[in-house]
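I opened the model today to look up a few sites. My notes follow in the order I took them.

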Amino acid sequence: MSPRALLARWIVPVNPEGVVHEHHALIVAGERIVELLPRSELSARYPDIEREDLGNSVLIPGFINAHTHSAMALMRGLADDLPLMRWLEDHIWPTEQRWVGPTFVRAGTELAVVEMLAGGTTCFNDNYFFPDVTAVTASQAGMRAVVGMPVISLPTAWAENEDEYFSRGLEVHQAVLSDPLVTTAFAPHAPYTVSDSAFARMAELAEEMDVPIHLHLLEAKGEVENSRKQYGKHPLDRLAELGVLGPRLLAVHMTQLTEADMDRVARAGVHVLHCPASNLKLASGICPVAALDARGVNIAIGTDGAASNNTLDMFAEMRLAALLAKGASGDPEAIPAARALSMATINGARALGLEDQIGSLEAGKLADVVAVQLDVAETLPVHHVISQLVYACARSQVSKVWVAGKAVYASGSPVHLNKLEVADRAREWGQKLRLSQQSE
Ligand SMILES: [Zn+2]
C-alpha cells in the first residue's frame with residue numbers, strides 16, 4: 001500500500017504522555033502508522049505522497065470506551081433517578097426479559113455505534129447478550145470491539161444456565177477469531193450473580209484462551225456485606241481463591257475500596273474500568289481514582305451503558321473523570337489532563353491486551369485516529385492542546401475518524417451505516433419499550 005500523509009496543526013500521540021507535536025504529519029500505509037515526522041521534512045522524505053490536510057485540527061488516537069453495554073442504548077432514559085438494585089430489578093431486567101434478542105441487540109448496537117463513532121470512539125469493550133450480533137454489527141460499521149462472553153446464573157434469552165453461557169460464549173470466541181476488528185473477553189455479570197464454579201472455570205479458560213475477565217465489582221454499598229452473608233467472605237478474597245484476582249481481571253466501578261483493598265488490587269495487577277457518570281447517577285459511590293493512580297494501577301474510562309449514563313460520550317466521561325478525581329481527593333493536581341487522556345485511550349488498550357496494537361499514535365500501530373477541530377469559539381485560543389481536549393472540547397468537534405487506516409466517520413455521518421435508518425429503528429423500539437412499561 002502506498003503511504004498517505006495526514007496533516008493537522010497538532011498531533012497528540014498520547015505515548016509519551018503529555019507530548020504535543022505541532023506542524024507534523026502522520027504517515028499511514030494500509031492499516032498501520034508508518035511514522036510521525038515534522039512537516040518540513042515531508043517533501044524530501046515522501047515527495048509524491050497523497051496528502052489529506054485537516055487544517056487547524058488535532059489528531060489523537062481513537063477513544064477506547066473500556067466498559068459499555070452498547071445495545072442498552074435503546075433503554076436510554078427508560079428509568080432514571082433510582083438506586084442500582086431497584087433500577088435493575090424493577091426496570092432493566094424485566095425489559096430485557098421481555099425484549100432482548102438478536103434484533104433488539106442489532107438495533108441497539110447500531111445506535112450506539114453511530115453515537116460512539118461520531119464522538120471519536122474507535123473501540124468499545126462490551127458486555128451484553130448476543131455478543132455474536134454485537135461483533136457483526138461493530139465489524140460491519142468498521143469499528144473495533146471486544147465483545148463479552150456473558151456469564152450470569154440467571155436464565156436469559158441468550159442462555160438457560162451457566163453451562164450454556166460458556167458453550168455459547170466459546171462459539172462466539174471461535175467465530176470472531178478470523179475478524180481483525182473483534183476480540184473477546186469473559187463477561188461475568190457480578191460476584192453476586194455468578195457461582196464459584198463458573199468463576200473457577202473461566203479463570204482457567206481465560207488463561208488458556210488468553211482473554212481478559214470483564215466484571216462489575218464493588219459497584220455499590222452492600223456488596224461487601226452481602227458477600228460476607230452469602231459466601232462468608234469479602235468479594236476480593238472470594239475472587240482470589242477462585243483464581244480470578246490477577247492481571248486478566250478488568251474490574252468495573254470499584255467504588256467500595258479500603259486502603260488495604262487498593263494495595264491488594266495494585267499488587268495483583270488488576271485493571272480498573274472507571275465509569276464516573278454511571279457511579280454518580282446511581283449514587284453507587286466514588287472510585288478512588290487518584291489513590292489508585294498513585295499506586296500505579298492501570299485505570300481506563302468507560303461510559304457504562306446509555307441506560308445509566310445517559311450518553312456514550314467519551315469527551316464528557318474523560319472530563320468528568322479528571323474533575324471528580326480532583327474533587328474527591330481534594331487535590332487539584334490529581335489526574336492532570338494528559339493522564340485523563342491516557343485513561344481514555346492507551347490505558348484502555350492496556351486493559352484489553354491490545355496495547356501493542358492501538359491506544360496511541362506510534363509507528364507500527366494500527367491507524368485508529370480521530371481528527372478534532374479546535375479552531376472554534378469553544379476551544380480558542382489554544383494555549384494548551386491537551387487541556388482543551390480534556391476540559392473544553394465537545395464531541396461535536398470531531399470531524400473525521402479512521403479505524404485501521406480506513407475512514408469510518410466523515411462529513412457528519414458514519415461511512416458504513418445509514419444513520420437515518422438506524423434512527424428509525426431506534427424510534428420503533430422506543431415505542432415498543434414504552435408501551436410495554438405502561439402496560440405493567
Ligand atoms: Zn456496566
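This is a predicted model: local features need pLDDT of at least 70, side-chain atom pairs count only at pLDDT 80 or more; totals for chains, interfaces and linings use all residues.

**Entry 1: a helix pair.** Ala-337, Ala-338, Ala-340 and Leu-341 in H13 meet a set of residues in H15: Ile-386, Ser-387, Leu-389, Val-390 and Tyr-391. H13 covers residues 337–344 and H15 covers residues 385–392. I then checked the geometry. The helices pack at an angle of about 65 degrees, and their axes are 9 Å apart. H13 is therefore roughly perpendicular to H15. I also noted the hand: the crossing of H13 and H15 is left-handed.

**Entry 2: the metal.** Which residues coordinate the zinc ion? I found His-67, His-69 and His-216, each through NE2, and Asp-304 through OD. The distances run from 2.1 to 2.3 Å. Along the chain the donors follow the spacing H-x1-H-x146-H-x87-D. His-67 sits in strand E6 (residues 63–68) and His-216 in strand E10 (residues 213–217). The two histidines are 149 residues apart, so I logged the pair as a link between distant parts of the chain. Both His-67 and His-216 are buried.

I looked at the angles next. Among the four donor atoms of the zinc ion they span 86 to 174 degrees. Four donors count as tetrahedral only if all angles lie between 85 and 135 degrees. I recorded the zinc site as irregular.

**Entry 3: His-253.** Is His-253 buried or exposed? His-253 counts as buried, because its relative accessibility is 0%. I placed His-253 in strand E11 (residues 249–253). Setting aside neighbours within four places in sequence, I listed its contacts. His-253 is in contact with His-67, His-216 and Asp-304, among others.

**Entry 4: Leu-217.** I moved on to Leu-217, which lies in strand E10. Leu-217 has 0% relative accessibility and counts as buried. Not counting residues up to four places away in sequence, Leu-217 touches His-253, Met-254, Val-252 and Ala-251, among others. Pro-191, Glu-223 and Pro-235 are also among the residues it touches. Leu-217 and Thr-255 are 8.5 Å apart, C-alpha to C-alpha, and 38 residues apart in sequence.

**Entry 5: Thr-137.** My last stop was helix H4 (residues 131–140), where Thr-137 lies. Thr-137 is buried, with a relative accessible area of 2%. What does Thr-137 contact, leaving aside neighbours within four places in sequence? I found Arg-106, Thr-109 and Glu-110.

Definitions and conventions
Residues are numbered from 1 along each chain as its sequence is written. Side-chain values use heavy atoms; hydrogens and water are left out. Donors are N, O and S atoms within 2.8 Å of the metal (3.2 Å for Na, K and Ca); water is not among the atoms, so sites may look incomplete. Four donors count as tetrahedral if all angles lie between 85 and 135 degrees; four count as square planar and six as octahedral if opposite donors are over 155 degrees apart and all others between 65 and 115; anything else is irregular. Helices (H or I, at least four residues) and strands (E, at least two) are DSSP runs, numbered from the N terminus. Buried means under 20% relative accessible area, exposed over 50%, partly exposed in between (1.4 Å probe, protein chains only). Axes are lines fitted to C-alpha atoms, for helices over the stretch in contact, and angles run from 0 to 180 degrees between N-to-C directions. Angles under 35 degrees count as roughly parallel, over 145 as roughly antiparallel, 65 to 115 as roughly perpendicular and the rest as oblique. A crossing is left-handed if the near helix is turned anticlockwise from the far one by less than a right angle, and right-handed if clockwise. Contact means heavy atoms within 4.5 Å.
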